[in-house]
Amino acid sequence: MTHSESTMSDRAFKALDDFQIEIPSWGFANTGTRFGKFLQAAAASTLEEKFADAAEVNRLTGVTPTIALHVLWDLPNGVADVPELKRLESRFGIRAGSINPNLFQDQQYKFGSLCNPNPETRRQAVDHVLDSVEIAKATGSRDVSLWLPDGSNYPGSQSIRARIGWLEEALQAAHSALGTDQRLLVEYKPFEPAFYHTDIADWGMSSHLSQAAGPQARVLVDTGHHYSAQNIEQIVAWLLHTGLLGGFHFNDRRYADDDLTLGSIDPYQIFRIFHELQSADFEGLPHDVAFMIDQSHNIKGKIEATVQTVVTAQELWLKAAMVDREQLARHQRSCDVVAAEELFRGAFWTDVRPLAAAWRIARGLAPDPLAALREGGYVERIAIERGSRQSAVSSYA
Ligand code: LRH
Ligand code: MN
């Protein structure tokens, strides 16, 4: 092995040793679009089944030790469900990750939750967020990850500025309930389910609200929550510069919030985002960013899609680690555009799969997790165990 090859594999092994990503419980459940839901026999509908599936993904990939939980879907009885959760954690070796409040299902939230003109409805919404903070304390989860569907569909129908005031109050109340090592992640989304204005629509609004809430609040970037012309990696660079970047919900999209599997439409997008993060590392800029997947697997097998997503994320993270940052900085300073671009894209063109396979073998993992999933027969086994029950299930996740 030549010197450059050994440095490349050292760099690769370090990059993959540093890489972890959180998987969503709802990625294993029967989900659909407003036009329908195609049931899968192997889908999970209990917390136990979601932990079992998460454990299988972690057994194959070695980099998904935590599972994101949605309060109403996974812990409908709140803190009372935590003892059972603890049993599942020790049984399956998977820890509870980010806790996601749900302010988008209840009928009372038609005109908003934290931003609803009705003070009683706002009170109940704040209580749900405070309950979610208490759940996170009980599960030992660091992040309470908040997304709001709040907005309006018709100009003039709501006071946009009044709602900003109610939102600031609510997030300050949530922030003051946090434990010392906890964080409040504020997720933005430009539209859907609201189609005229959305109260937390972009990174600027989320940044302001995070700063107004307090020092433990950060911005969460869901890659599917941008207009197609937006430069997401530039937003990431700004959030790294301002110290407000708290985490990602990774997925892919062709049009809107399509929640497709990461790297299925525009893998170069994720590479460019990873480049910004690794450049910050390289330049010693401190940041503490949670990597999470947020997808709904309506067509692909849910466990297969999750394993494929984790492997793709590892490969794109590895490609970004192939960028010779000293040389790139020299090209950037001398404005040698083509040389910089060729070096940058050259890393993206690098086939890192052999390096990733070598790292997995060195870490006692199957070199090709997707092939191992298929050979292992896990999906076929649970499809038989769970299959007969599927038709009865009707919830979203
Ligand atoms: C909203 C969102 C949010 C979740 C939900 C499942 O579009 O990205 O992060 O709570 O999807
Ligand atoms: Mn999301």
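Reader: Where is Cys 335 placed?

Author: Helices (H or I, at least four residues) and strands (E, at least two) are DSSP runs, numbered from the N terminus. Cys 335 sits in the loop between α11 (325–333) and α12 (337–349). This is a predicted model: local features need pLDDT of at least 70, side-chain atom pairs count only at pLDDT 80 or more, and totals for chains, interfaces and linings use all residues. Residues are numbered from 1 along each chain as its sequence is written, chains are lettered from A and ligands numbered from 1 in the order in which they are written, and side-chain values use heavy atoms, with hydrogens and water left out.

Reader: Is Cys 335 buried or exposed?

Author: Buried means under 20% relative accessible area, exposed over 50%, partly exposed in between (1.4 Å probe, protein chains only). Cys 335 has 60%, so it counts as exposed.

Reader: What is the phi of Cys 335?

Author: Most residues other than glycine have a negative phi, and most peptide bonds are trans. Phi of Cys 335 is near 55 degrees, a positive value. Glu 192 also has a positive phi, near 70 degrees. Glu 192 lies in the loop between β6 and β7. Its relative accessibility is 36%, so Glu 192 is partly exposed.

Reader: Which residue does a cis peptide bond join to Glu 192?

Author: Pro 193, with omega about 10 degrees. Pro 193 is in the loop between β6 (183–187) and β7 (197–198).

Reader: Which protein donors does the manganese ion (ligand 2) have?

Author: Donors are N, O and S atoms within 2.8 Å of the metal (3.2 Å for Na, K and Ca); water is not among the atoms, so sites may look incomplete. Here the protein donors are Glu 187 (OE), Asp 222 (OD), His 249 (ND1) and Asp 294 (OD), 2.1 to 2.2 Å from the ion. His 249 in strand β9 (residues 245–250) and Asp 294 in the loop between β10 (290–293) and α10 (302–321) are 45 residues apart, a pair linking distant parts of the chain. His 249 is buried because its relative accessibility is 2%. Asp 294, at 12%, is buried too.

Reader: Why is the arrangement around the manganese ion (ligand 2) octahedral?

Author: Six donors count as octahedral if opposite donors are over 155 degrees apart and all others between 65 and 115. The six donor atoms subtend angles of 72 to 169 degrees, so the arrangement is octahedral.

Reader: Which side chain has an N or O atom 2.8 Å from an oxygen atom of ligand 1?

Author: A polar contact is a pair of N or O atoms within 3.5 Å. The side chain is that of His 70. For His 249 the distance to a ligand 1 oxygen is 3.2 Å. For Asp 257 it is 3.1 Å.

Definitions and conventions: Polar contact = N/O pair within 3.5 Å; in protein donor to acceptor, adjacent residues only side chain to side chain. Tetrahedral: all angles 85-135°; square planar, octahedral: opposite > 155°, others 65-115°.
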